[in-house]
Amino acid sequence: MTTFSDFGLKPEILQGIAELGYETPTPIQAKVIPQVLDNRSDIVGLAQTGTGKTAAFGLPLLQWTDTSLRTPSSLILAPTRELCVQIAKDIESYSKYMGKLKVLPVYGGTSITNQIRDLRNGVHILVATPGRLIDLIERKAADLSAVEIVVLDEADEMLNMGFIDDINIILSSCPNDRTTMLFSATMPREIQRLASKYMNNPVEISSGDRNASTNQVEHHYYYIRERDRYLALKRIVDYYPGIYGIVFCKTKLDTQRVADKLMEDGYNAEPLHGDLSQQQRDRVMDKFRHKSVSLLVATDVAARGIDVDSLTHVINYNLPDETETYTHRSGRTGRAGKTGISLVLVNTKERSKIRQIESMIKKKFEKKLIPEGSEICRVQLFNLIDKLEKTDAMDNDIEPFLPEIFARFENFTREDLIRKIVAEEFHRFLVYYQNSASLNVPEGSDRESGRDSDRGGDRRDRGSRGRDGDRGGDRGGDRGGDRGGDRGDRGPRSSGYKGGNDSDNFARVFINCGKMDELNPQRLMGIVNDAGNGQRVQFGRIEILDKFSFFEIEKSAERNVLDSLNKFEWKNRRIKAEPSEKRGRR
Ligand code: AMP
């Protein structure tokens, strides 16, 4: 079996990767590293994220780096800031024992001055987004004249993002006798054109079958009615209590909407898309990496470069337009030796797309049924029991309270106590799913009936939606906070509430106070009225969550309400209010 030392890599590099636990090269590493080191070949690599491609290009370029130089000898281009940062981090870990080697990521959306200063201080490996690099070249801060290796990572995505002109300029600014490596998850004609223009007899290397998906991923599809898409998502998420995954939507707007709904329903979800500021995106990614967010709702572009290996699920809330994008998405799970599930929600009209994907990934999808309420309850209940079983009750902090607690429970039997604990933890969950109807489309139903595509739907389903919409309070499981269910049925019917049918006349507002601040609908209306000096306004739905809340207000009053609230203090706290539909929440 090939090992890393067979490649003749420097001992410092071998030490660095051994510390990361890399024992045997992945298939793409086994093919790329010797080609580059022994033959200095240009490489076109068909490889997805998760195949180990970063080390495939990173190790050869480290082998060649001359740390006595001050201008970059290697340039790596990547489509997003996240990917640049990740690549730079990976290369720094491989080179931990290589002394004064400097890797610098440069990308847009952040101060260019610091990047110029860092470049002047000397850089060996530059990792850049094309746009920012062009800026740096124009300001004469980036000198590419000594570049010996250029890597284009996720080349298809750079082209999708419209970077082709920038890439042409950058490649023309690098010396002709360089070695070029291009990696791409897909091989559209533009990539082949790019390769033939800028590369010298490139060796084509594939991490496996062209477009084949990794074996570690199971592919499932759920057949849904379009109007039940969101409810089906919730049921699936509820069915997997330990879920840690990405929910892919087609547009930024859908991404924000689905994330908003999930957050309102008490799930640990956050959106990630291009309309969020860089700071917001960094914060979301940080929370996701640390698992304080378990569902990332993302667009394809924003999810590029996500470096998380332990995703349990990739959820295709909507199928991508390009069938090939599916490979990219599903490759985010089943990484680094772990298994994962990539699942797809398809409506009756989309069924044929499953066959197209199957023939591309050369794997069969398994048809799954949307879990029934009773199945979900069972799974959640036993998850709770598992957790109770594993809870370490040896905590000294509770010791002083135990005698009094034991005394209070003296007259209860063991069975009584178990029943009580489970009921307390689980009651709301059972109530939510009690009598919930099936969301599965009956066999043989080829298309959505006229009635189904109507807003009202048939009676059975209205029943199901009613129930799903009835979910209130926090859950017995992992997630704290409020779970409101389908938004259509939510909202306290407090005075000032105008009903839900004319929501077009209402604007939705986020406010940074919630139950934890002892806010309730009456108090919220009071605050708004006080902030506006008693001017009465019409309220729509009010949703009080744990740390923040949302309320609807007649559109004509929105500007005044926002202005006055943002100058207002409540309980010695500065109120922050902002329109909620179009923006990231926090
Ligand atoms: P990449 O495709 O470069 O994003 O790598 C995917 C994951 O596989 C990363 O977490 C790497 O740290 C890990 N990895 C890469 N090469 C190896 C290897 N030879 N052995 C074990 N893990 C690896």
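This is a predicted model: local features need pLDDT of at least 70, side-chain atom pairs count only at pLDDT 80 or more; totals for chains, interfaces and linings use all residues.

Residues are numbered from 1 along each chain as its sequence is written, and side-chain values use heavy atoms, with hydrogens and water left out.

**Stop 1: the ligand.** Select the 13 residues around it; Tyr22, Gly50, Gly52, Thr54 and Asp309 come nearest (near: a heavy atom within 4 Å). By class, this shell has two nonpolar, eight polar (Gly counts here) and three charged (Asp, Glu, Lys or Arg) residues. Now show the side chains. A polar atom of Tyr22 sits 2.5 Å from a ligand oxygen, and one of Thr54 is 2.6 Å from a ligand oxygen. Gln29 puts a polar side-chain atom 2.8 Å from a ligand nitrogen. Taken alone, the ligand exposes 490 Å², and the protein buries 79% of that (Shrake-Rupley, 1.4 Å probe).

**Stop 2: helix H14.** Select residues 323-330 (helices are DSSP runs of H or I, at least four residues). Six of the eight residues are buried, so H14 is largely enclosed by the rest of the structure; buried means under 20% relative accessible area (1.4 Å probe, protein chains only). Color Thr325, Tyr326, Thr327, His328, Arg329 and Ser330 to see the buried ones.

**Stop 3: Glu82.** Find it in helix H4, residues 81-94. Which side chain of opposite charge is nearest to Glu82? That's Arg281, 4.1 Å away, and buried Glu82 has no salt bridge (a Lys or Arg side-chain nitrogen within 4 Å of an Asp or Glu carboxyl oxygen).

Technical notes: A polar contact is a pair of N or O atoms within 3.5 Å; within protein, one must be able to donate a hydrogen and the other to accept it, and residues adjacent in sequence count only if both atoms are side-chain atoms. Buried means under 20% relative accessible area, exposed over 50%, partly exposed in between (1.4 Å probe, protein chains only). Helices (H or I, at least four residues) and strands (E, at least two) are DSSP runs, numbered from the N terminus. Lys and Arg count as positive and Asp and Glu as negative; His and the chain ends are not counted.
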